[in-house]
Every structure is written in C-alpha cells, then in structure tokens.
Amino acid sequence: MSNKVSLDSVDRDILFHLRQDGRLTNVELAKRVGLTPPPCLRRIKRLEETGVISGYRAVINPEAMGRGLEVLVAVEIYAQDRKSFEEFEDTVASYEEVIEFRRMYGRPDYFLRVAVADHAAYESFLTGKLSCLPAVLRLESHLTMKEIKANP
C-alpha cells in the first residue's frame, strides 16, 4: 500500500493557485480552476486531510523586519556521539537568526540559513554564537549574488 496521494490536473491546479495566493476565497479559487465552489472546497479539504496541504502561512519581507542579509552556512562538526549532536542541534535551533536548519548526509554535516540585518550583525552572530560552540569544526559562509527562484 502506497502513502502517495493521487492528484489529478484539477488538484494540481488548485495547489498552483494556493501557492501563488493562499488567501484566495473558495469562490475565486473555484472560478480559476473551473469548478463550482462546493466541489472545490471538498477537494481542498481532501488535500488538507491527506497532508498534501500541510498549512497556510504569511510570507514576510525580511528587509521590512530588519533582516535583509541572508547567509547560507555550511557547518562541519567534531561530534560523533548522539548527545553532542543533539546539544549542537538544540542550541543552534534556538538562535533567532537561524531561519532554516538542516542535517545533511555526507559533507557538510549541516546547512543553516541565517537572516540578520547586515554584515556586522552576521559577524557578531558568527563570532559570538556559532563559532564558539564546542562541536564546531569548520564554518563556510555563502552569500547570495542573485536570487533566481525562491518558494515562499
């Protein structure tokens, strides 16, 4: 038995429009996908219940929040034991500046997405918080030249 949900072209169209604007009314969405509102709402409920739609959220402009500089940070750590990994992960996950945090297969061990006001704030985060952690072996910062595509 497969956990994969079967999606037809109308389901995919609904998902496309909701990704573009999650605040669409059911009436407007139904019009865009060529349905009447009741079957459109049933499809949305099914997509939510099966976990295809996992939530709705606001997309925040980082510059308006004083966090206009985003840096991707590759992190390698010394730790080999579970306790050290968990302590490192708990600490880094608690940092407000870290907006995305992934453990990777292979190298690096982690990728962080860090959002701060400017270069001085990033240097302060890097030297005052991240590089001070006992598990950290190596950090490599990557600044974006140009954003080509992003999913909100």
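Does Lys 83 count as buried or exposed, and at what relative accessibility? In this predicted model, Lys 83 counts as exposed, at 56% relative accessibility. Its salt-bridge partner is Glu 87, with the closest N and O atoms 3.4 Å apart. Glu 87 is partly exposed, with a relative accessible area of 42%. Both residues lie in helix H4 (residues 82-94), 4 residues apart, which is about one turn of the helix.

Let's turn to helix H1. It spans residues 9-20 and reaches 17 Å from its first C-alpha to its last, close to the expected 16 Å. Asp 11, Ile 14, Leu 15, His 17 and Leu 18 are the buried residues of H1. Seen down the axis they fall within an arc of 165 degrees, so they line one face of the helix. Helices H2 (26-33) and H3 (37-49) are among the elements covering them, while Ser 9, Arg 19 and Gln 20 are exposed on the face turned away.

Salt bridges with shared partners join Asp 8, Asp 11, Arg 43 and Arg 46 into one network.

Another salt bridge pairs Arg 107 with Glu 76, at 4.0 Å. Arg 107 is exposed, at 73%, whereas Glu 76 counts as buried, at 15%.

Technical notes: Residues numbered from 1 in each chain as written. Predicted model: local features only at pLDDT ≥ 70, side-chain atom pairs only at ≥ 80, totals over all residues. Heavy atoms only, no water. Helix = DSSP H or I, 4+ residues; strand = E, 2+ residues; numbered from the N terminus. Expected span 1.5 Å × (residues − 1). Buried < 20%, exposed > 50% of the residue type's maximum accessible area, 1.4 Å probe, protein only. Arc of directions from axis to C-beta. Contact = heavy atoms within 4.5 Å. Salt bridge = Lys/Arg side-chain N within 4 Å of Asp/Glu carboxyl O.
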